[in-house]
Amino acid sequence: MNASAHDLAAILPPGFTMGVATAAFQIEGALDEDGRGPSGWDVFAAQPGMIVNDHSPAIATDHYHRMPEDVALMKELGVDSYRFSLSWPRIQPGGSGPVNPKGLDFYDRLIDLLLANGITPMATLYHWDTPLELDEAGGWMNRDTAYRLGEFAAIAAAAYGDRVARWVTINEPATVSANGYMLGLHSPGEAHMLRALPSVHHQLLGHGLAMQALRAAKVPGEIGLTNVYSPMVPASINPLDKVSAGLMDMAQNRLYADPVLLGKYPDAIRAATFFSSFSPSSEDLELISQPLDFYGLNYYMPTRVGAGPGDGTMPEGMAEAMGNDLNGGAGTPFHIQSFPDTEITAYGWPIKPDYMAVALAEMAERYPELPPVYITEGGASFEDLEIHDADGRLIVPDERRVRYLAEHLQAAIEATSPGGAAESIDLRGYYVWSLLDNFEWSAGYKQQFGLLHVDRDTMVRTPKASFHWLRELLAARNRTESGAETGTTAGVAETETAAETGTTPGSAAETGSTAGSGSPAAGAPAAG
Ligand code: BGC
């Protein structure tokens, strides 16, 4: 039985941030407008067969034109914070060199509007939409891209540093390297397998350089990065399955977290340098492991791993949903299996809220110096039922999403409360993926994670049951807080948090100031 919105509201720790998350390429559309440059994803998605049903990201959710409406919906929802990404090719069309004032202006308006509505901005610098010119020069296989991200961070810091309370340098480098450079399922569509290791290192270096640039600009906001984490579960007690799960854990989890949090790559990866030209220097590792203000963790599901290539098929649902077959041609010495008797999402992902606690506990155990954590993404895609009431109004009773969110949020809070499996973790918040149904990368519009349904013809947004549920939860939380005589509303609580870090969200919006906009720093940050 999952907790009701009211029960959950009661266990949210004081000051806990509830947010929603999106990414620029998945929602904005307007790919050719107002001076935006092309991204590698524009080109990848236009190739026949790369995206389910050849869906196009050209309009996505039309957020570029509907941004004020989307902020108003967030206000209605009552969230404390919004995690969005800055489109690199919109702000700096070539990935280096001149900036696009209209691109800068879009996020300027977004940030001001968020603040005016009491919503704390969390900005991701890199959520996969690499400017095409950089991809053409080798993308993340090319070390230069890391320096370009550092430069982009300096531009963003000069433009928005006064108002962004939380910065995420990069989002899920594991997915970029695995899908984009090892298996060829995402842009730029390369399938180098182990020879893709430099793409891992260069992304992490990009994170380090971006952090260095944000620190050099003295942004008052907190800085972190986001890694996805999936606990790896051996398919049986067979030692080979155990070894396989360990390999997968190394390849998907440790490879990205160890360098950042421990300052070194896992031993097995160092052994793998035999297969590649991958040899990180200690200077690079120092940059990569600079102290973070927070660690962003995306948790969706655990992964069940068996030895050998398997029978070449993905677990039920996953292959058709993704439009590709990971287990088929990858040639890995392990394969993914379904969990027995486990409900799955439309993507075929196992629904296992108890593994949220496992993920957090493993993080706590592996990384004793772990900074405060935000769950920067969590959510589920389902084929939502769409019904119309007597007046023809659309109703989307996505009860399974409500259950998913409630159970995962509850699990995260309980695991990090005194006596919980990961009690040492200072969990600061949970961001629901996603605010609205959007372009789900290679799955196009087939997989939908939104709290808001988006009509693909009219772009009309309709709140689903999950939206109403979250709104009720937040309203109940606010009543409890004001009942506790703090008189604090969600927005104010967030403002206070930011004030502690020196940011003054709201003030810029109130004074109408757009300090920094249009005056990006031209210089690249010092490279280590
Ligand atoms: C990504 C999102 C994506 C979500 C659901 C995460 O890997 O950061 O961009 O839409 O998962 O697949």
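Asp249, Arg254, Asp258, Glu362 and Arg366 are linked in a network of salt bridges. A salt bridge here is a side-chain nitrogen of Lys or Arg within 4 Å of a carboxyl oxygen of Asp or Glu. The whole structure holds 29 salt bridges. This is a predicted model, where local features need pLDDT of at least 70, side-chain atom pairs count only at pLDDT 80 or more, and totals for chains, interfaces and linings use all residues. Residues are numbered from 1 along each chain as its sequence is written, and side-chain values use heavy atoms, with hydrogens and water left out.

**The barrel**

- Eight strands close into a barrel in the order β1-β2-β3-β4-β5-β7-β10-β13, with parallel pairing.
- Neighbouring strands of this sheet are turned by 25 degrees against each other on average, direction ignored. Such angles are taken between N-to-C directions and run from 0 to 180 degrees, and the axes are lines fitted to C-alpha atoms, for helices over the stretch in contact.
- Strands pair through backbone hydrogen bonds, either parallel or antiparallel.
- Strand β1 (residues 17-21) pairs with strand β2 (residues 81-85) in the parallel sense over three bridges. Two strands count as paired if DSSP finds at least two bridges between them.
- Ala21 has Arg83 in β2 as its bridge partner.
- Strands (E, at least two residues) and helices (H or I, at least four) are DSSP runs, numbered from the N terminus.

- Helix α8 (residues 144-160) has 17 residues. Its first and last C-alpha atoms are 24 Å apart, close to the 24 Å expected at 1.5 Å a residue. The expected span is 1.5 Å times one less than the number of residues.
- In α8, 15 of the 17 residues are buried, so the helix is largely enclosed by the rest of the structure. Buried means under 20% relative accessible area, exposed over 50%, and partly exposed in between (1.4 Å probe, protein chains only).
- Helix α10 (residues 197-216) has 20 residues and reaches 29 Å from first C-alpha to last, close to the expected 28 Å.
- In α10, 17 of the 20 residues are buried, so this helix too is largely enclosed by the rest of the structure.
- Lys218 follows α10 and has a positive phi, near 55 degrees.

**Salt-bridge pairs**

- Arg66 and Glu69 meet in a salt bridge (3.9 Å, N to O). They are three residues apart in helix α4 (residues 63-77), and therefore about one helical turn apart.
- Arg66 is partly exposed at 22% relative accessibility, and Glu69 is partly exposed at 34%.
- Arg477 and Asp80 meet at 2.7 Å, N to O. Arg477 lies in helix α18 (residues 465-483) and Asp80 in the loop between α4 and β2, so the pair ties together parts 397 residues apart in sequence. Both Arg477 and Asp80 are buried.
- Glu222 bridges to Arg166, with the closest N and O atoms 3.6 Å apart. Glu222 is in strand β5 (residues 222-228) and Arg166 in strand β4 (residues 166-171), so the pair ties together parts 56 residues apart in sequence. Glu222 and Arg166 are both buried.

**At the surface**

- Asp32 sits in the loop between α2 (24-27) and α3 (40-46). Asp32 is exposed, with a relative accessible area of 73%.
- The C-alpha atoms of Asp32 and Ala58 are separated by 8.6 Å, though the two are 26 residues apart along the chain.
- Ile395 lies in strand β12 (residues 394-395) and is partly exposed, with a relative accessible area of 38%.
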